[in-house]
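Reader: Please show me the structure. Then take me through it in short answers.

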Amino acid sequence: MAQENCEKYAYLDQLSTQQLEQLLLADTEDPSGRDTSEVVFHILEVLQTREDVPAMEPVDVAQAWEEFQQYYNTPEGEGQSLYLPREDSERPEKDACAASKFRSRLPALWKTARIVAATMAILLSLMVGAQASGLNIFGTLAQWTNDIFHFGIDKESGLAENYKLFLDLLEERDIPRSYAPSQYPSDFIANEPLVRDDDSSSLVEISFSNPNGSTFSIGITRYASPDIIPDRTFEKDSSKVEIYTSSSKSFYILYNEGSLMATWADGVLSESIWGDISSDDIKSMIDSIGGS
Amino acid sequence: MRKRLFAFIFSFALAASLCFSISFASENRASKTLSFYSVSCRAGSKSGELRFSYDVRANTTADSVGVSSIVLYNSAGVYMTTVLGSTSNGLIDSNCVTCKDTYSHTAVSGNSYYAAVTVFAQIGDEYDSRKIITDVVTAP
């Protein structure tokens with residue numbers, strides 16, 4: 001219906017605004033009473049349309065051509081486009097799209113994080129429960145942690161008589177003298193060496209003490225066979241285990257509540273230096289192993 | 001939203017508290033008196049003989065060091081007997097750094113056993129001990 005009216009009153013579009021206004025005035029003064037509402041509405045639409053679109057000023061074609069020749073059609077403009085490069089007007093749309101995708105993923109990530117956290121909590125609680133029931137879960141995990149250390153296995157310069165005796169006892173039990181330090185801290189006195197023999201191993205040990213009351217010990221053990229070497233447990237605190245290598249022997253240095261322990265093992269032999277001794281002194285003694 | 005947030009905070013707090021308890025327990029495993037130790041059980045040469053080899057080292061010269069007890073169980077976990085350590089049976093030594101020897105116990109031949117062995121060291125007022133479970137051994 002609307003389309004038919006547009007076609008029916010299309011001729012009114014060709015009239016000027018003044019002419020259309022005169023028609024409206026004539027209609028209001030018409031005494032006949034005819035129904036001219038369709039005409040009036042169409043005229044009003046045309047007038048409204050003309051008001052929305054600003055009237056264009058007539059173009060001076062000659063002047064426009066002259067300006068083009070002067071400002072644009074120049075040698076410097078050769079090959080240049082008259083129009084500015086098109087901005088990525090799509091970019092804001094792309095950014096918005098990416099942001100939208102990220103926002104849509106957030107709920108999924110949040111859900112996954114919750115599941116992971118819940119799973120970890122359940123596993124830890126089960127481990128605690130198992131530990132409480134007697135299973136040494138944490139002990140097993142602590143094979144190489146801050147609390148305990150498991151290990152598969154171990155020079156005579158004006159030395160005291162006790163230390164010479166210590167070296168002799170080593171030889172008697174088929175332990176090379178060269179495995180013992182050839183030096184020890186000068187402020188320590190060597191006590192009488194001890195031997196502990198049983199059916200599984202032989203231990204030759206010597207302790208040292210100084211006037212300050214500090215003591216440390218050197219012990220070298222020879223096991224009867226590799227099959228009977230027991231699983232030894234070394235107490236240590238949270239300090240890192242230090243590996244100190246000298247003369248192709250790698251000693252593990254452990255800290256245990258103020259005491260120090262250096263231990264080395266090779267086959268059926270195991271050597272340990274431990275007690276109230278500084279790290280530097282222990283390393284000096286290790287360096288002297290195999291020396292003269 | 002509140003429920004989810006509360007569930008997440010609770011899970012995190014639970015996990016954190018468990019980690020702290022593990023960390024606390026781990027730091028207490030170092031010993032002020034014990035340096036290192038080993039215990040093993042083997043079948044002896046005689047009928048029913050179980051031989052416990054032990055090597056207990058104190059950090060420094062200890063007032064008392066060695067094995068305070070050997071609690072024997074059969075392979076099914078049924079309690080059998082307890083051997084208390086003393087200087088007379090050689091399980092404990094005094095005024096020294098190391099207590100190392102082998103203790104022989106007679107059990108029922110053909111039966112299998114394991115033991116819970118407690119090692120210790122006392123230096124002045126400081127005392128510490130550890131329990132070691134041996135492997136199951138069949139008495140000859």
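Author: Accessible areas here come from the Shrake-Rupley method with a 1.4 Å probe; for residues, only the protein chains shown count as cover. This is a predicted model, in which local features need pLDDT of at least 70, side-chain atom pairs count only at pLDDT 80 or more, and totals for chains, interfaces and linings use all residues. Residues are numbered from 1 along each chain as its sequence is written, chains are lettered from A and ligands numbered from 1 in the order in which they are written, and side-chain values use heavy atoms, leaving out hydrogens and water.

Reader: What share of the accessible surface of chain B belongs to carbon and sulfur atoms?

Author: The accessible surface of chain B is about 7,000 Å². Carbon and sulfur atoms hold 56% of that surface.

Reader: Which pattern does chain B follow along the sequence?

Author: Helices (H or I, at least four residues) and strands (E, at least two) are DSSP runs, numbered from the N terminus. Chain B has 1 helix and 7 strands. Read along the sequence, the pattern is α-β-β-β-β-β-β-β.

Reader: Is A:Asp199 buried, partly exposed or exposed?

Author: A:Asp199 sits in the loop between β3 (194-197) and β4 (201-209) of chain A. Buried means under 20% relative accessible area, exposed over 50%, and partly exposed in between (1.4 Å probe, protein chains only). The relative accessibility of A:Asp199 is 36%, so this residue is partly exposed.

Reader: Which residues does A:Asp199 touch, not counting those up to four places away in sequence?

Author: Contact means heavy atoms within 4.5 Å. On that basis the list takes in residues of chains A and B: A:Ala224, B:Arg42, B:Arg51, B:Ser53 and B:Thr102.

Reader: Is A:Leu82 buried or exposed?

Author: A:Leu82 lies in the loop between α4 (61-71) and α5 (91-132) of chain A. Because its relative accessible area is 57%, A:Leu82 is exposed.
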